[in-house]
Amino acid sequence: MNERLLFLREKTQNLTASPGVYRMRDSDGGIIYIGKAKNLKNRVSSYFRENPDHTPKTARMVRYIYDYDFIVTDTEYEALVLECSLIKQHKPKYNILLKDDKGNHYIKISNGEYPVITTESSKQEGEGTFLGPFTGSFATKQAVNEANRIFMLPTCKKKFPPDIGKERPCLNFHIKQCVGVCAGGVSAEEYRRTAEQAAEYIKSGAASSIESLTCSMEKAAEELDFERAARIRDRIAAIGRATGEQKMVSQALCDTDIIALSQNGEFACVAVIMYRNGRLFDKGEYFLGVLDSPEKILADFIIQYYSTAEIPREIIVEEELPDREIIEKLLRERCGHAVTLDTRKRGKGLKLILLAKSNASEYLALRVGRTGREITALEELGKLLGLPAPPLYIEAYDISNLGSSSMVAGMVVFENGRPLKKAYKRFSIKETAIQNDVACMREVLRRRFNHLNDDNSGEGFSRMPDLILLDGGKGQVNAVQAALTELSVNVPLFGMVKDGKHRTRAITTGGHETAFASNKSAFALVTRIQDEVHRFALSYHHSKHKSRSYSMEITKAKGIGEKKAQKLFAAFKTREEFKKASQEDIAKIAGVNMETARQVYEIVRGL
């Protein structure tokens with residue numbers, strides 16, 4: 001809780017309604033957040049309301065706001081430009097900042113009689129010819145690998161000419177991936193000419209290289225050098241195959257970037273897939289350390305990313321951005337050509353967004369120790385249910401009974417898409433005497449949240465979940481929602497609905513059902529949760545039922561009632577311990593005579 005909230009609310013009452021930029025400061029005067037607003041008073045006051053609906057990031061930030069100042073602008077666009085400049089200057093803690101500095105990459109053509117083409121992360125004077133810089137390693141490595149493969153240049157660690165003739169050619173020579181310099185069949189002059197053609201291919205592209213190589217092939221044929229002409233012919237064919245093998249080709253994406261986001265916990269990753277001249281040109285993933293709404297993260301990322309990166313004519317994003325028009329205007333002024341910022345909901349555009357999202361998920365998975373599928377499932381589930389963020393901590397409940405006997409419930413916990421078994425809990429139904437799943441579920445949730453602030457409640461009860469799932473329909477959801485409202489517990493609540501074959505079919509609120517449709521990852525996660533909570537509750541029910549049957553057998557002995565049976569079970573916690581007990585031990589613990597103890601002894605030994 002921020003003790004300065006009352007002061008900040010009073011200060012904001014007199015704030016102007018003009019566009020502008022605001023700067024939040026901590027108690028040391030440092031800037032912790034910079035934002036823009038169409039209406040400064042409305043935007044700034046939203047941080048200090050009595051009952052705010054903040055994202056986790058904003059809620060944390062508000063706790064540290066000591067004061068703020070602001071700069072008024074004439075238009076919202078001017079506010080956006082000023083915001084970009086100030087963020088770049090101050091790098092505030094709670095603004096979205098790019099954590100990954102990809103740096104520049106170069107293609108190096110070494111000096112000497114036998115030049116080698118490699119990728120380098122820095123440019124070193126006097127060591128060869130450098131092409132670049134290039135902004136991403138993907139495109140650089142792809143270009144070098146393709147050129148070396150097409151022109152059959154060696155990629156081994158041998159040094160030429162010293163290593164010529166010392167060893168037999170390696171496997172690459174025999175599978176026609178290397179011209180075999182080590183075998184001594186290629187002169188330095190011919191090799192240098194081939195390396196120059198490979199460099200030209202990298203610089204000018206396939207069409208120009210094919211034209212140049214065709215001229216060289218015809219000249220070699222005229223000179224009756226048919227062996228050399230055949231080698232050039234093979235290179236032309238290899239270029240054609242390389243062009244045809246490009247799976248990521250789309251003439252509709254001439255100059256386009258596709259951007260998608262993946263989130264998990266307090267981390268996020270944005271992936272950018274770049275198309276130039278209808279071909280996949282490069283890709284990059286950027287790790288972000290501060291979370292916000294997806295729209296805000298993407299908008300802030302685009303503004304910062306394209307302050308240095310090449311701006312394409314089209315940018316496709318997975319979310320509709322509220323400030324799309326003014327962001328387009330900012331990008332147009334930066335690059336000097338038309339820029340369209342759009343999204344896709346179907347067709348190939350949607351497939352490319354999903355591809356970018358998959359890249360972001362896999363990159364983020366490496367950082368947080370989860371699989372890309374788990375991260376995608378939580379994101380899909382959060383969006384499907386309309387949650388502000390992926391539900392990282394999920395509790396699920398199921399009731400299991402046999403008529404009105406042995407009524408129990410199970411609670412399972414999934415954290416980051418995986419079972420957290422040490423947080424599982426079992427409940428014996430105490431308040432409901434007859435079979436009534438709705439009343440039982442209400443009782444269980446009420447008992448669970450009565451332990452929320454209990455220091456001795458253990459791990460399963462001490463944490464507020466991000467989502468509660470019930471094995472049941474709208475009846476259970478409505479009953480439990482009423483119980484949570486009474487306890488002032490505000491947690492998203494949904495029911496898991498099964499079909500006639502006991503398989504997960506949909507998810508429901510108290511009013512309507514939501515089918516999973518194309519959300520395959522979310523469907524798989526919810527199905528797994530439903531199966532796990534059903535298994536856990538059923539196993540407890542079986543255990544309870546066996547224990548009850550055991551107790552009923554003991555009470556067949558004359559003089560042993562329910563209370564004396566419980567004393568015996570408290571003393572002998574397992575059946576094996578009970579069988580090892582002597583008649584004297586049984587008589588002493590239960591407080592019965594030796595005849596009764598003998599009967600109990602025989603019953604236990606016979607079970």
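Rings of Phe, Tyr and Trp (for Trp, its six-membered ring) count as a pair if their centres lie within 6.5 Å; planes under 30 degrees apart make the pair stacked, over 60 edge-to-face, and the rest tilted. By that rule, Tyr 22, Tyr 33, Tyr 47, Phe 48 and Tyr 68 form one aromatic cluster.

This is a predicted model, in which local features need pLDDT of at least 70 and side-chain atom pairs count only at pLDDT 80 or more, while totals for chains, interfaces and linings use all residues. Residues are numbered from 1 along each chain as its sequence is written, and side-chain values use heavy atoms, with hydrogens and water left out.

**Whole protein**

Start with the cartoon view. The protein has 21 helices and 19 strands; helices (H or I, at least four residues) and strands (E, at least two) are DSSP runs, numbered from the N terminus. Of its 607 residues, 47% are buried, where buried means under 20% relative accessible area, exposed over 50%, and partly exposed in between (1.4 Å probe, protein chains only). Contact means heavy atoms within 4.5 Å. Among contacts between residues at least 6 apart in sequence, 63% join residues at least 24 apart.

**Aromatic pairs**

The whole structure holds 12 aromatic pairs. Select Tyr 22 and Tyr 33: their ring centres are 6.2 Å apart and their planes stand at 40°, so the pair is tilted. Tyr 22 is in strand β1 (residues 20-25) and Tyr 33 in strand β2 (residues 31-37), 11 residues apart. Both Tyr 22 and Tyr 33 are buried.

Next, select Tyr 286 and Phe 301. Here the centres are 5.7 Å apart with the planes at 50°, so this pair too is tilted. Because Tyr 286 sits in strand β9 (residues 279-288) and Phe 301 in helix α10 (residues 294-305), the pair ties together parts that are 15 residues apart in sequence. Tyr 286 and Phe 301 are each buried.

**Helices α12 and α13**

Now select residues 347-368, helix α12, and residues 372-384, helix α13. Their axes come within 8 Å and cross at roughly 115°; axes are lines fitted to C-alpha atoms, for helices over the stretch in contact, and angles run from 0 to 180 degrees between N-to-C directions.

Show side chains for the residues that make the contact. From α12 these are Lys 357, Ser 361, Glu 362, Leu 364, Ala 365 and Val 368. From α13 they are Gly 372, Arg 373, Ile 375, Thr 376, Glu 379 and Lys 383.
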